[in-house]
Amino acid sequence: MTMLFNPGMIPNFLLVESMGLMDTIWSLILPAVTSAWYVFLMRNFYQELPEELEEAAKIDGSNDIGVFFKIMLPISLPAIAAFGLFFAVGFWNTYFNGVLYINSEELRPMQVVLQMMLIQASTNVADPSVAAMLQSEQMLPPETIKMAAVVVASLPIILVYPFLQKYFVKGMLVGSIKG
């Protein structure tokens, strides 16, 4: 049911407020830690792994925890890396939750700060009294500020992706036939 129907903004807000997470960084992290879709995909990933791997490890004397950490976890690193990247991008792009749950300026997500900068730049240009006052100074056009904000907002994800790319390639090759 949670994959089909999102509970909505009000239940999420009430949950965060009742847990005492308002105006903390945890109000952004905990509600988005996982989703039913990621649990469903990981469950299917583990079900598709051959049972012979687990049986061979148990024959070699490994217990369930050893099988998980020595066999299943290394095999599932591509899937975990993919979900980690999806989570990181989703967390990085969090704007609405930052507006709802964070009130203090030092805890605001970067997306909220960038949006406030863009609004301020647009307001300064639109206000004729401010524009007349600032004509003597060198002022950047609002398009320049917008493009700089896009670069700043996308740079960390662009820098993280090359380190995770090898896991994506391994993930594509796990199900392929090798010959």
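Residues are classed here as buried when their relative accessible area is under 20%, as exposed when it is over 50%, and as partly exposed in between, with a 1.4 Å probe and protein chains only. The structure is a predicted model, in which local features need pLDDT of at least 70 and side-chain atom pairs count only at pLDDT 80 or more, whereas totals for chains, interfaces and linings use all residues. Residues are numbered from 1 along each chain as its sequence is written, and side-chain values use heavy atoms, with hydrogens and water left out.

Asp23 is placed in the loop between helix H1 (9-18) and helix H2 (26-29), helices being DSSP runs of H or I with at least four residues, numbered from the N terminus. Most residues other than glycine have a negative phi. Asp23, although not a glycine, has a positive phi of about 60 degrees, and with a relative accessibility of 28% this residue counts as partly exposed.

The largest pocket has a volume of about 630 Å³. On a 1 Å grid over the protein atoms alone, a pocket is an open set of points with protein on both sides within 12 Å along at least five of seven lines, and lining residues have an atom within 4 Å of a point; the volume is the space filled by probe spheres set on the points, which are joined across faces, edges and corners. The lining comprises 23 residues, of which Asn6, Pro31, Ala32, Thr34 and Ser35 lie nearest the centre of the pocket. At least two lining residues are supplied by each of H1, helix H3 (36-48), helix H6 (77-92) and helix H7 (96-101). By class, the lining holds 15 nonpolar, eight polar and no charged residues.

Helix H5 (residues 64-75) packs with H6 at an angle of about 55 degrees, the axes being 4 Å apart. Leu73, Pro74 and Ile75 of H5 and Leu77, Pro78 and Ile80 of H6 make the contact, which is defined by heavy atoms within 4.5 Å.

Gln111, in helix H8 (residues 110-126), counts as buried at 14% relative accessibility. Apart from neighbours within four places in sequence, Gln111 is in contact with Trp92, Asn93, Thr94, Tyr95 and Ala153. Phe163, in helix H10 (residues 142-174), is exposed, with a relative accessible area of 63%.

Notes: 1 Å grid on protein atoms, 1.4 Å probe; cavity = no way out; pocket = protein on both sides within 12 Å on 5 of 7 lines; lining within 4 Å. Nonpolar A, V, L, I, M, F, W, Y, C, P; charged D, E, K, R; others polar. Axes fitted to C-alpha atoms, helices over the stretch in contact; angles between N-to-C directions.
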